[in-house]
Amino acid sequence: MDFIIQNVLNALQWGSFYALIALGYTLVYGVLRLINFAHGDIFMVGAYISFFLATFLIGPIIGLSPAVAFVIIVPLTMALTSLVGVTLERIAYRPLRRKGAHRLYVVITALMAGLVLEYSNLALLGASRLKFPALIEKQIWHLGGVTLTNLKVMVIVAAILVFLFLQWVVTRTRVGMAMRAISYDKFAIPLMGIPVDQIIVVTFVLGSGFAGLAGLLFAMSYPVLEPFMGMLIGWKAFIAAVVGGIGDIKGAFVGGFLLGFIEVGVVMVFPSTYRDLFAFTILLLILWMKPSGLFGIPQSTKI
Amino acid sequence: MKKLKILVVLSIVALFATPALAADTIKIGFNIPMTGDIPEVGEGSKNAAEMYLADINGAGGLEVGGKKYMLEFIYMDNESKADSAVNAALKLIEQEEVVAIIGPNSSKQAVPAGGTANENRVPMISPWSTNPSTTLDRPWVFRAAFLDPFQGPVVADFAAKKFGAKTAAVLFDVANDYSVGLAEVFKSAWEAKGLGPVVAYESNGTKDQDFSAQLTTIIAAKPDFIFVPENYNQVALIIPQARDLGYKGPFMGSDAWGTPDLVRLCGEKCNGQYFSTHYAAAGAKGATKVFIDRYTAKYGAEPADYAALTWDSIGLMVEGIKNAGMVDSNPRKMRKAIRDGLAAIKSFEGVTGSSKFNEQGDPIKCAVIVKISDEGTFVFEESVCP
């Protein structure tokens with residue numbers, strides 16, 4: 001029994017990261033119908049930004065205590081990472097949109113933008129890995145045969161809060177209404193006096209900001225950073241978003257945790273060698289039965 | 001794109017430059033990981049090579065058959081990937097026309113690249129590869145390190161003696177030839193001892209960052225120790241995660257742990273653990289100490305085992321060239337002469353100890369067990385000889 005509860009906790013933590021990244025994919029897709037393949041790399045940039053902030057703030061020049069530094073790093077990382085996301089939108093996606101380029105070209109641009117982020121990091125910082133400093137004092141709680149760390153709890157709570165916040169923004173606020181409207185008809189909406197570009201910027205701020213938060217939490221949980229850390233997890237989170245029904249906030253959240261649970265569940269029951277094979281076969285079966293994803297609405301034009 | 005351009009320009013330059021140089025230089029290629037999963041390994045190898053090169057060329061070159069020849073080293077990045085290692089080997093052979101190759105270091109790249117070198121009839125020495133397949137039935141491929149069928153039992157014996165262990169668990173990287181091979185050898189060595197079973201045998205992927213599911217399975221099986229034959233970057237994640245999940249027992253590692261980066265990335269959590277490796281810098285004597293001191297003075301850090309093994313590999317190569325007794329401007333003939341020269345080496349005294357060579361081109365040499373001290377340094381624990 002302990003074994004199962006422990007694995008449920010493992011899956012919740014791992015799924016939280018998928019969910020946090022998948023939310024960013026789905027948010028941008030929901031508004032622009034654009035698969036932002038650079039999102040996994042924005043997550044990586046977020047982790048690096050938090051690394052530099054952390055080493056700077058607790059370093060000898062400023063000398064803050066790690067806990068105080070953490071409180072400052074959270075909003076600062078989110079702000080700086082969203083700046084990266086907005087910059088990307090501004091220099092890579094918006095010009096193409098202005099020229100009326102087909103969505104396919106924007107997606108390819110996104111793929112390239114991701115590679116540019118990866119390799120500029122490699123060129124600037126070198127291939128050697130970085131060690132993320134410990135920001136919060138790790139506490140290990142033993143509840144019967146189950147162990148839990150405060151970091152694990154924080155990650156899971158953060159994922160749930162981010163989901164609730166985004167769900168609220170999209171369904172309950174005027175900005176959210178504008179987002180949904182652009183996704184519905186991007187030609188009629190400017191005629192209604194809705195500033196499309198500003199709404200798109202808000203979308204990128206939200207998506208990239210939470211990718212930055214995910215990067216920070218990830219770096220704290222797995223404190224070894226490398227330029228390609230966002231690639232695989234980004235792809236997997238994208239798949240999670242599609243399985244959940246891309247474009248739907250709830251879908252990304254459920255899809256992220258679903259992938260986390262399937263991956264951990266496969267390792268629990270079968271030899272761990274089969275993990276990815278089984279996990280993605282299961283996801284394939286889900287898409288086979290419901291091609292638009294668990295919460296998705298069927299559409300005639302998708303990439 | 002820019003890289004490609006530089007490459008094109010370089011190969012054109014090389015094309016025109018080679019005939020002029022060929023008469024008095026010997027070109028040796030290095031197939032090493034300068035980017036990718038283990039960039040420290042590539043850097044250490046290159047450092048050792050540059051030092052060796054400066055020694056030889058500083059003394060006017062290498063004397064073969066009464067004439068001095070300059071050495072030229074060409075470094076090719078294999079990105080720590082198997083397919084890139086094959087490409088790097090082909091580039092070195094076809095474009096650079098090297099007469100011999102040193103590297104790749106890890107078995108993951110050395111096994112496929114060894115096949116390429118063997119098919120193209122180019123002598124290759126892998127400094128660090130311990131998987132038997134690298135040299136097995138490949139007359140053109142040699143190595144400087146001991147083999148996993150030796151290393152596995154060394155780890156098993158030490159753990160049984162030191163921890164009084166009855167049961168063991170293994171966590172390995174399923175996409176890495178080195179890790180898989182060593183895990184298998186260890187498992188059969190442990191079971192052959194008859195003390196107890198391998199209670200958990202779990203694997204992960206190379207790019208994995210979360211190991212909690214595998215570790216939960218391992219910890220639930222209550223092993224006396226966990227053997228982790230993985231690269232240092234993964235070890236730095238695995239050990240802290242196991243501690244977070246409540247595991248309190250010891251870990252055992254293999255020679256892929258042996259880089260100072262392990263301590264930098266892992267922090268205090270890795271202190272007190274043991275691993276088997278090729279040599280220990282602390283407490284070295286004689287030629288080994290001279291090498292360590294010179295390297296440390298030059299690069300500001302102690303040479304890790306792969307740096308020392310690269311040094312020895314170059315030493316072996318030089319020995320092979322001397323045995324060849326002549327330098328032929330035709331690379332094909334030169335390669336054959338070097339291969340025969342290498343095969344003629346029966347024993348070798350290097351900075352990683354003395355070794356004898358068997359008919360497969362594999363050295364028979366001692367392994368050492370190293371402890372990661374509380375200060376995060378690698379301390380010699382004991383030496384195990386075959």
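1. Of the 303 residues in chain A, 50% are buried. The model is a predicted one, and what follows should be read with that in mind. Residues 24 or more positions apart supply 77% of the contacts in chain A that have a separation of 6 or more.

2. On overall form, the C-alpha trace of chain A spans about 60 × 50 × 35 Å along its principal axes. A compact globule of 303 residues would have a radius of gyration near 19 Å, and chain A, with 19 Å, agrees with that expectation. The secondary structure of chain A amounts to 10 helices and 4 strands, which follow one another along the sequence in the pattern α-α-α-α-β-β-β-α-α-α-β-α-α-α.

3. Two packed helices are described by the angle between their axes and the distance between the axes. For helix α2 (residues 39–57) and helix α4 (residues 103–125) of chain A, the axes come within 8 Å and cross at roughly 30°. Since angles under 35 degrees count as roughly parallel, α2(A) and α4(A) are therefore roughly parallel to each other, and their crossing is left-handed. On the side of α2(A), the contact is made by Gly40(A), Asp41(A), Met44(A), Val45(A) and Tyr48(A), while α4(A) brings Gly114(A), Leu117(A), Glu118(A) and Asn121(A). By class, the residues of this contact between α2(A) and α4(A) divide into 4 nonpolar, 3 polar and 2 charged.

4. Leu64(A) is found in the loop between α2 and α3 (66–98) of chain A. Leu64(A) counts as partly exposed because 16 other C-beta atoms lie within 10 Å. Once its neighbours within four places in sequence are left aside, Leu64(A) is in contact with Leu57(A), Ile58(A) and Ala69(A). From Leu64(A) to Ala54(A), 10 residues apart in sequence, the C-alpha to C-alpha distance is 9.6 Å.

5. Turning to the interface, 27 residues of chain B are in contact with 23 residues of chain A. On the side of chain B that touches chain A, the elements giving two or more residues are α2 (39–58), β8 (198–204), α7 (212–220), α8 (232–244) and α9 (260–266) of chain B. Of these, α7(B) gives the most, with 6 residues. Sorted by class, that side of chain B has 9 nonpolar, 12 polar and 6 charged residues.

6. How much of α7(B) is covered? The helix is mostly covered, with 8 of its 9 residues buried, and these are Ser212(B), Ala213(B), Gln214(B), Leu215(B), Thr216(B), Thr217(B), Ile218(B) and Ile219(B). The buried residues of α7(B) pack against elements of both chains, namely α1 (2–32) and α9 (249–269) of chain A together with β7 (168–173), β8, β9 (225–228) and α8 of chain B. Just after α7(B), Lys222(B) takes a positive phi of about 50°, a backbone detail that can be checked in the display.

7. A last point concerns Cys385(B), which is located in the segment after β16 (378–384) of chain B. Is Cys385(B) buried or exposed? Cys385(B) is exposed, because 11 other C-beta atoms lie within 10 Å, and a residue counts as exposed at 12 or fewer. Cys385(B) and Glu184(B) are 201 residues apart along the chain, and their C-alpha atoms are separated by 21 Å.

Notes
Residues numbered from 1 in each chain as written. Chains lettered and ligands numbered in written order. Predicted model: local features only at pLDDT ≥ 70, side-chain atom pairs only at ≥ 80, totals over all residues. Contact = placed C-beta atoms within 7 Å. Nonpolar A, V, L, I, M, F, W, Y, C, P; charged D, E, K, R; others polar. Axes fitted to C-alpha atoms, helices over the stretch in contact; angles between N-to-C directions. Parallel < 35°, antiparallel > 145°, perpendicular 65-115°, else oblique. Left-handed = near helix turned anticlockwise from the far one by under 90°. Rg over C-alpha atoms; globule rule 2.2 N^0.38 Å. Buried ≥ 20, exposed ≤ 12 C-beta atoms within 10 Å, placed from the backbone.
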